[in-house]
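Let's look at this protein together, one question at a time. Have the picture ready and see whether you can follow each answer.

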Amino acid sequence: MVLAQHFYQLLLQDVDLGFVRPLFEPFYSLIGRPSVDPPVFIKLLLVKHFENITSDRKLRELANLHLGIRSFWGYGLEQPLPWHSSLSRTRQRIPVSVFDTAPAARLLHANRGFVRPKRTRERTHSSH
């Protein structure tokens, strides 16, 4: 259904995401609700970048309309796409340091806007 010369089809041929699953494995659980597959999560981040999308909701809306994106992610027309909340939870689960360990993942680094470091709340005690 998608032309072989389509940008995302060509990207599938040129990008090897074999490094992703072992890299993300320590942050995934074998029990509980299934998470977004690590290579799919990276593909989601790539599409967000290439399509200049800043919202997970907008990304899902675009993918519902774009066969090339669905195919790139490995989803057929009959398969439901990951919910935006699943993407947010996955992003929160993976530390930014993981993206620093693999040279191919550096283009997804926090200073490029793909991954946001976890913020810690600082508690301040007022003496007044």
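Q: At what angle do helix 4 and helix 6 pack, and what is the word for that arrangement?
A: In this predicted model, helix 4 covers residues 56-65 and helix 6 covers residues 84-93. Their axes lie 8 Å apart and the packing angle is about 130°.

Q: How many charged residues are in the contact of helix 4 with helix 6?
A: From helix 4 come D56, R57, L59 and R60, and they meet H84, L87, S88 and R91 of helix 6. Sorted by class, two of these residues are nonpolar and two are polar, while the charged ones number four.

Q: Is the crossing of helix 1 and helix 3 left-handed or right-handed?
A: Helix 1 (residues 7-14) and helix 3 (residues 38-50) have axes that come within 13 Å and cross at roughly 135°. The two helices are therefore oblique to each other. As for its hand, the crossing is right-handed.

Q: What is the volume of the largest pocket?
A: Its lining includes eight nonpolar, four polar and three charged residues. The largest pocket has a volume of about 270 Å³.

Methods:
Residues numbered from 1 in each chain as written. Predicted model: local features only at pLDDT ≥ 70, side-chain atom pairs only at ≥ 80, totals over all residues. Heavy atoms only, no water. 1 Å grid on protein atoms, 1.4 Å probe; cavity = no way out; pocket = protein on both sides within 12 Å on 5 of 7 lines; lining within 4 Å. Points joined across faces, edges and corners; volume = space filled by probe spheres on them. Nonpolar A, V, L, I, M, F, W, Y, C, P; charged D, E, K, R; others polar. Axes fitted to C-alpha atoms, helices over the stretch in contact; angles between N-to-C directions. Helix = DSSP H or I, 4+ residues; strand = E, 2+ residues; numbered from the N terminus. Contact = heavy atoms within 4.5 Å. Parallel < 35°, antiparallel > 145°, perpendicular 65-115°, else oblique. Left-handed = near helix turned anticlockwise from the far one by under 90°.
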